[in-house]
Amino acid sequence: MSAAPESPFKTESISLIQHLYATASVTKVTVRWRDSLRQIMASCIAHCIVIAAGANMAFSAILIPQLRASKDIPITDSEASWIASLVTIALPFGSLLTGVLMDRFGRKATCMISTVPFAIAWMVMAVASNLTVIYVARTIAGMSSGLTSVSLVYISEITHPDYRPMLLGLNSVYVSLGILLTCLLGYWLQWRMICYVFFSIEVVVFLCLFAVPESPHWLISFRRNREGAARSLRWLYRDAKIFDDEHRRLSSTLLKSDSEDHFKLFHIDTYKSPIVYKPLIILSVLFVIQQLTGAYVIIFYAIDIFRKVYRNIEGDHEEYFALVLLGVIRFVTAVVASIVS
């Protein structure tokens with residue numbers, strides 16, 4: 001039996017896609033720094049949601065020693081371990097929700113949504129009167145940290161390929177900034193006051209996100225909203241030639257998505273494809289190696305570790321200064337890595 005002929009629409013769409021890609025490769029428009037300022041600004045605002053993720057990692061380094069010193073809420077070594085660990089235990093659950101939320105409500109909207117549980121977590125932590133409340137706050141904060149991965153998707157969809165690696169690399173810069181802020185604030189402030197500071201930051205970030213556009217890729221792929229996608233692109237690219245080039249590229253993406261099967265998350269056959277399982281394996285190995293380095297364990301228990309180092313020196317200034325230095329080193333190296341990428 002002969003194969004059924006392809007529909008004229010599908011054949012025409014594929015031909016149009018090939019033509020658009022060929023045209024784009026010939027008439028590629030160079031994007032100058034000044035033409036990319038808006039997408040840089042939007043990327044920086046979106047990255048601000050991960051400041052709290054970095055702060056959550058370093059916060060236990062401040063919280064645990066201060067709880068032990070003040071006897072405000074007595075804790076044992078085992079309870080201190082739970083305070084530090086609950087963030088990382090809860091984080092994967094937030095990551096699993098991210099995909100559903102960002103496809104349903106949009107990339108920008110999910111960025112805004114992520115700030116809400118963060119703000120709740122900081123406020124609950126600030127008024128905590130017992131260990132159970134601290135556990136609840138740390139769990140909420142951990143799930144919120146998982147939600148922040150949406151910023152990477154948003155930035156990858158609004159940025160030009162020439163600047164995308166650098167702007168995606170800023171993610172680690174802002175995580176490191178959150179760690180550094182926690183280290184600096186811990187040098188001068190009590191842990192409850194630090195919670196209020198980060199609550200205020202979440203409010204500011206939420207308001208700033210109103211200033212950036214929704215992802216044009218999401219608007220055209222998930223909502224078929226060509227007008228909205230064009231408005232987002234116009235906001236990102238003021239130059240007419242760059243706008244036309246990116247609009248053509250985006251239109252070809254829509255046609256290509258119409259002519260191909262969609263990714264099915266819960267179908268086992270999906271993961272048999274090399275373009276799925278190979279990146280998954282590579283990233284999993286890299287993340288496992290990253291965790292085994294012990295870098296995050298040092299951040300979680302930094303003050304306790306530095307106190308053992310400075311055990312013969314009286315006072316808390318030496319270990320807190322070392323904590324600030326740790327934050328500065330991580331931040332500077334993250335900036336360098338982002339630039340060289």
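Author: Val332 counts as partly exposed, at 44% relative accessibility; buried means under 20% relative accessible area, exposed means over 50%, and partly exposed lies in between, with a 1.4 Å probe and protein chains only. The model is a predicted one, in which local features need pLDDT of at least 70 and side-chain atom pairs count only at pLDDT 80 or more, while totals for chains, interfaces and linings use all residues. Residues are numbered from 1 along each chain as its sequence is written, and side-chain values use heavy atoms, with hydrogens and water left out.

Val332 has its place in helix H16, residues 317-340. Helices here are DSSP runs of H or I with at least four residues, strands are runs of E with at least two, and both are numbered from the N terminus. Val332 belongs to a nonpolar surface patch together with Phe321, Leu325, Val328, Ile329, Val336, Ile339 and Val340. The accessible area of these residues together is about 760 Å², by the Shrake-Rupley method with a 1.4 Å probe, only the protein chains shown counting as cover for residues. A patch is made of residues with over 30% relative accessible area and no salt bridge; nonpolar side chains (Val, Leu, Ile, Met, Phe, Trp, Tyr) are joined within 5 Å, and like charges within 9 Å. UniProt, in an unreviewed entry, places the feature "transmembrane region" at several stretches, including residues 320-340; such positions are given in the numbering used here, feature names are shortened, and annotations may be inferred rather than shown by experiment.

Phe306 and Phe321 are 15 residues apart in sequence, and their C-alpha atoms are 9.6 Å apart in space. Phe306 lies in helix H15 and counts as buried, at 16% relative accessibility. Beyond its neighbours within four places in sequence, Phe306 is in contact with Glu319, Ala322, Leu323 and Leu326, where contact means heavy atoms within 4.5 Å.

Side chains of opposite charge can pair when their charged atoms come close. A salt bridge is a side-chain nitrogen of Lys or Arg within 4 Å of a carboxyl oxygen of Asp or Glu, and by this rule the count comes to five. One of them joins Asp304 and Arg68, at 3.1 Å from N to O. Asp304 lies in helix H15 (residues 302-309) and Arg68 in helix H3 (residues 51-70), so this pair ties together parts that are 236 residues apart in sequence. Asp304 is buried at 19% relative accessibility, whereas Arg68 is partly exposed at 28%.

Arg107 has a relative accessible area of 4% and is buried. Its side chain meets that of Asp103 in a salt bridge of 2.8 Å, N to O, and Asp103 is partly exposed at 30%. A salt bridge of 2.9 Å, N to O, also links Arg107 with Glu157. Because Arg107 lies in helix H5 (residues 107-126) and Glu157 in helix H7 (residues 150-158), the pair ties together parts that are 50 residues apart in sequence. Glu157 counts as buried at 18% relative accessibility. Elsewhere, salt bridges that share partners join Arg68, Asp77 and Asp304 into one network.

The wider setting may now be described. The protein has 16 helices and zero strands, and buried residues make up 44% of its 341 residues. Among contacts between residues at least 6 apart in sequence, 78% join residues at least 24 apart. The accessible surface comes to about 18,200 Å², of which 68% belongs to carbon and sulfur atoms.

Confidence is given by pLDDT, the predictor's confidence in each residue from 0 to 100. The mean pLDDT of the protein is 82, and 84% of the residues reach 70 or more. Over residues 1-27, however, pLDDT stays under 50, and the model has 18 contacts beyond four places in sequence for this stretch. Where pLDDT is low, the predicted coordinates should not be read in detail.
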